[in-house]
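Good morning, and thank you for coming. Please look at the structure on the screen while I take you through a few of its parts.

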Amino acid sequence: MTSVYHIFVRRLSTQQKHYKLVVIGAGCGGLACASKFAKKLSKDQIAIIDKNDTHIYQPGWTLAGAGLKTPDELEKPQSQCIPTNTTWIQSNASQIEPEKNFVQLENGSKISYDYLIVASGIQTRLDKIKGAIEALDNDPQHVVSMYSRKYVRNVYNTLNNFRGGQAIFTFPSTPIKCPGAPQKIMYLADDIFRRNNVRDKTTISYNTALSVIFGVKKYAAALMEIVKAKNIQLNTRLNLVEVCADKKEAIFENLDQPGTMKTFKYDLLHIAAPMAPYEFLAKSSLADANGFVDVVKETLQHKKFSNVFAIGDCTNLPTSKTAAAIAASNSILVRNLTNIMEGKSDAVPKYDGYTSCPLVTGFNKCILAEFDFDGQPLETLPINQAKERLLSYVMKKDMMPSLYWNMLIRGRWNGPAPFRKLFHLGMSK
């Protein structure tokens with residue numbers, strides 16, 4: 001059935017070269033927006049460009065790393081996720097020319113559009129750390145990373161089989177998706193080590209390129225208390241640049257003293273991968289100086305090309321790169337773009353930068369961080385969400401995956417703002 005569907009899609013994509021709306025990327029942001037437009041436009045008006053056969057619920061990789069989910073539970077065939085009233089062009093974009101309103105595919109063919117949504121995500125660049133890929137491939141008993149479909153499968157066994165020594169968890173100097181995840185897996189590893197009676201034989205270090213453990217003061221204060229209680233060593237402004245697997249050494253650059261290196265011995269190393277925009281996007285006139293799509297943060301419309309919008313990790317929005325940010329912004333993008341399509345000037349709500357980071361701090365414990373562009377807490381529940389709670393953990397582990405698969409990528413979830421107003425008696429944004 002799937003192969004016949006793919007053949008049908010390819011025939012459509014070779015017959016038609018122009019669409020009213022083209023969406024680059026069938027990840028969370030692309031599907032959330034495309035699903036909404038699929039209810040407004042006809043099948044021959046919407047094309048989704050994405051080569052991947054498999055759709056992955058990446059926020060679940062932390063849970064898989066701790067043995068709370070299996071990697072296979074976090075995946076579905078992409079064909080089951082693509083909105084039915086759209087055309088799926090199963091290819092990668094290789095070039096965008098917004099001046100001419102076309103996208104070039106990797107086979108050289110071109111697709112033109114009236115309107116474009118860029119939702120291409122961000123790519124992991126483990127190759128930017130010398131020796132990292134070799135260590136991950138050849139020494140998975142000591143070096144792991146949950147930031148990869150390939151390597152996440154090794155994480156739980158490695159943590160569960162660890163018998164003590166130096167355990168180092170890293171955070172890179174680049175923007176990354178789900179920036180809380182590198183410390184979430186560390187807290188869960190701490191619980192695993194305690195369960196296996198090896199915690200007293202273990203030194204846990206969190207070597208982060210940032211100057212703080214978390215960017216929002218309220219949650220950073222709570223996390224510092226947890227770090228202290230768990231006896232975790234926090235080392236700031238250190239960026240992993242090389243892994244020497246034969247010596248079990250990790251080399252970090254001191255970002256406050258560029259060019260100065262510090263070497264750490266390890267028995268277990270978890271690498272949070274550096275990330276970067278895709279090259280085809282970074283080289284286009286849509287990108288800012290850092291390669292991200294340059295959008296107006298309140299509307300998600302491109303600053304130069306009015307018929308181009310972008311959402312999610314590929315943008316330069318000054319907020320964390322999370323599925324929650326997409327949930328809060330996808331309806332705003334769709335309403336703004338719809339107004340342009342229909343020649344209307346109706347006012348729409350502005351995106352306030354809302355995002356959420358469920359910071360799992362152990363088995364059955366989680367801090368539910370929610371905040372806006374300014375780093376101010378924007379909490380949904382009428383309780384102090386900086387406290388570790390079982391409720392927040394259950395929401396992260398059991399409720400959010402279902403919300404993602406059944407609501408968000410189907411275009412049916414616009415974030416928790418209505419519930420926040422309800423719970424706070426209309427006195428919250």
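This is a predicted model. I shall begin with methionine 399, which counts as partly exposed because its relative accessibility is 48%, a value that lies between the limits of 20% for buried and 50% for exposed. Please locate methionine 399 in helix H10, which covers residues 390–408. Together with Leu390 and Val394, Met399 makes a nonpolar surface patch of about 260 Å².

Into which domains is the protein chain divided? There is domain 1, made of 17–122 + 277–350, and there is domain 2, made of 125–274. The C-alpha centres of domain 1 and domain 2 are 31 Å apart. As for contacts, 19 residues of domain 1 touch 19 residues of domain 2.

I now come to the charged side chains. How many salt bridges does the count come to? The count is 19 salt bridges. One of the pairs is glutamate 97 with lysine 100, where the closest N and O atoms are 3.6 Å apart. Lysine 100 counts as exposed because its relative accessibility is 57%.

A second salt bridge joins aspartate 256 to arginine 237, at 3.0 Å from N to O. Aspartate 256 is in the loop between E15 and strand E16 (261–265), while arginine 237 is in the loop between E13 and E14, so this pair ties together parts that are 19 residues apart in sequence. Are these two partners buried or exposed? Aspartate 256 is exposed because its relative accessible area is 55%, whereas arginine 237, with 24%, is partly exposed.

Lysine 303 is exposed, since its relative accessible area is 54%. Salt bridges also link Asp190, Asp191, Arg194, Arg199 and Lys230 in a network.

Most residues other than glycine have a negative phi. What is the phi of asparagine 231? Asparagine 231 has a positive phi of about 60°, although it is not a glycine. Asparagine 231 is in the loop between helix H7 (217–229) and strand E13 (232–236). With a relative accessibility of 58%, asparagine 231 counts as exposed.

Lysine 248 likewise is not a glycine, and it has a positive phi of about 55°. Please find lysine 248 in the loop between strand E14 (238–244) and strand E15 (249–254). Lysine 248 counts as partly exposed because its relative accessibility is 27%.

Thank you for your attention.

Definitions and conventions
Residues numbered from 1 in each chain as written. Predicted model: local features only at pLDDT ≥ 70, side-chain atom pairs only at ≥ 80, totals over all residues. Heavy atoms only, no water. Patch = residues over 30% accessible without salt bridge, like charges linked within 9 Å, V, L, I, M, F, W, Y side chains within 5 Å. Areas by Shrake-Rupley, 256 points an atom, 1.4 Å probe, with all protein chains shown as cover. Salt bridge = Lys/Arg side-chain N within 4 Å of Asp/Glu carboxyl O. Helix = DSSP H or I, 4+ residues; strand = E, 2+ residues; numbered from the N terminus. Buried < 20%, exposed > 50% of the residue type's maximum accessible area, 1.4 Å probe, protein only. Domains from an automatic or database assignment. Contact = heavy atoms within 4.5 Å.
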